[in-house]
Amino acid sequence: MDGSTYNEEKVLGIIHNVTQALMAAFPNTSIYPSFGNHDPYPTNQMPIDNEHYYSSILNASLWNLLLPEGSKKTFLKGKQMSADSSIS
């Protein structure tokens with residue numbers, strides 16, 4: 001994406017669209033979101049313990065629909081998450 005048109009709103013919109021497409025293509029399937037250092041805007045500047053920042057990502061991305069409550073709380077603190085992916 002051209003750096004002059006790259007902003008937080010567009011990044012969150014892209015993540016939202018991809019999440020929505022995955023949820024539609026794979027209904028009733030666990031989807032594990034991933035957020036790396038180049039995903040936010042500005043790149044490599046992910047704050048720690050900024051609940052407002054992470055809350056906007058959680059809601060705009062639709063990840064609030066995918067993550068269990070414990071993982072949401074961890075994500076809101078800017079921490080790593082884990083989930084049991086075993087098949088029962």
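Is Y53 buried or exposed? I'm working from a predicted model here. Y53 has a relative accessible area of 12%, and the cut-off for buried is under 20%, so I put Y53 down as buried.

Next I counted the ring pairs and got 3 aromatic pairs. One of them is Y53 with Y54: the ring centres are 4.9 Å apart and the planes sit at 90 degrees, so I noted the pair as edge-to-face. Y54 is buried too, at a relative accessible area of 3%.

Then I followed Y54 to another partner. Y54 and F75 also make an edge-to-face pair, with 5.5 Å from centre to centre and 85 degrees between the planes. This pair joins distant parts of the chain: Y54 belongs to helix α2 (residues 51-60) and F75 to helix α3 (residues 69-76), 21 residues apart. Both Y54 and F75 are buried. Taken together, ring pairs tie Y53, Y54, W63 and F75 into a cluster.

On to the core. The largest nonpolar core has 13 residues, and the ones touching the most other members are I15, F35, Y54, I57, L58, W63 and F75. Helices α1 (8-25), α2 and α3 each put in at least two residues. Helix α2 gives the most, with 4 residues.

Definitions and conventions:
Residues numbered from 1 in each chain as written. Predicted model: local features only at pLDDT ≥ 70, side-chain atom pairs only at ≥ 80, totals over all residues. Heavy atoms only, no water. Phe/Tyr/Trp six-rings, centres within 6.5 Å; stacked < 30°, edge-to-face > 60°. Buried < 20%, exposed > 50% of the residue type's maximum accessible area, 1.4 Å probe, protein only. Core = buried A, V, L, I, M, F, W, Y, C linked by side-chain atoms within 4.5 Å.
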